[in-house]
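Q: I'd like to learn how to read a structure like this one, feature by feature. Could we open it up and start with what the records say?

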Amino acid sequence: MNKNLHENICEEHLFSSIFNKYSKDLHNFLYYKYGDLLNPKDKVQEAFIKLWENCAKVSPDKAKSFVFTTANNLMLNETAHQKVVLKHQQIKPKTYTNENPEFLMQETEYMDKLQKAIANLTDAQREAFMMNRVEGKRFKEIAEILNISTKAVEKRIYGALEKLRKDIKEL
């Protein structure tokens, strides 16, 4: 009759008695159903934390059902998460390329030559060239940004291309 007087379990002594009464049974239930791999002790704790957070909504006669359902759902969520983890662990990242070491060495040498050649351009040529080729800006946009004519932009970029061709024979 005393429990019927309480509409919820927010009183500490009532919550403690519910914890003491059901925690071992809940742990055993989870352990027998799912094993020790998914940490049933943690799920018991989490279920009782959720019970405490919702203590105003749960009556004492519904507390056992609440913690068992919550803990079971937590274990199911953990199981689903572990399946996703295993699936992604089975996918092996690509650790190879179709490029041989000679190609990789030539690529590195080419990039070094290109960087040196770009560094040898005049500031005006380099600026216009990089805006055009790297940033993808049109001649007109570059002209507006630099406050020069479109013809001046063309001259700078074509001059840069000629100088790059001379410095790098592979172009």
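Q: Which residues does UniProt give for the feature "domain: RNA polymerase sigma-70 region"?
A: UniProt positions follow the numbering used here, feature names are shortened, and annotations may be inferred rather than shown by experiment. In this case the unreviewed entry places that domain at residues 19-79. Keep in mind that this is a predicted model, where local features need pLDDT of at least 70 and side-chain atom pairs count only at pLDDT 80 or more, while totals for chains, interfaces and linings use all residues. Residues are numbered from 1 along each chain as its sequence is written, and side-chain values use heavy atoms, with hydrogens and water left out.

Q: What is the helix and strand content over residues 19-79?
A: Helices (H or I, at least four residues) and strands (E, at least two) are DSSP runs, numbered from the N terminus. Over residues 19-79, the chain is 77% helix and 0% strand, with the end C-alpha atoms 25 Å apart.

Q: How many aromatic pairs does a search of the whole structure find?
A: Rings of Phe, Tyr and Trp (its six-membered ring) pair if their centres lie within 6.5 Å; planes under 30 degrees apart are stacked, over 60 edge-to-face, and the rest tilted. The search finds six such pairs. One of them joins Phe15 and Phe48 edge-to-face, at 6.2 Å centre to centre and 85 degrees between the planes. This pair links distant parts of the chain, with Phe15 in helix α2 (residues 12-34) and Phe48 in helix α3 (residues 40-53), 33 residues apart.

Q: Are Phe15 and Phe48 buried or exposed?
A: Buried means under 20% relative accessible area, exposed over 50%, and partly exposed in between (1.4 Å probe, protein chains only). Both Phe15 and Phe48 are buried.

Q: What kind of pair do Phe19 and Phe48 form?
A: Theirs is edge-to-face, 4.8 Å centre to centre with 75 degrees between the planes. Phe19 is partly exposed because its relative accessible area is 25%, whereas Phe48 has 3%. Ring pairs link Phe15, Phe19, Phe48 and Trp52 into a cluster.

Q: Where does α2 bend?
A: The bend at a residue is the angle between axes fitted to the seven residues ending there and the seven starting there. For α2, the bend is about 40 degrees, at Tyr22. Buried residues in α2 include Leu14, Ile18, Tyr22 and Leu26.

Q: What covers the buried residues of α2?
A: Contact means heavy atoms within 4.5 Å. The cover includes α3 and α4 (63-90).
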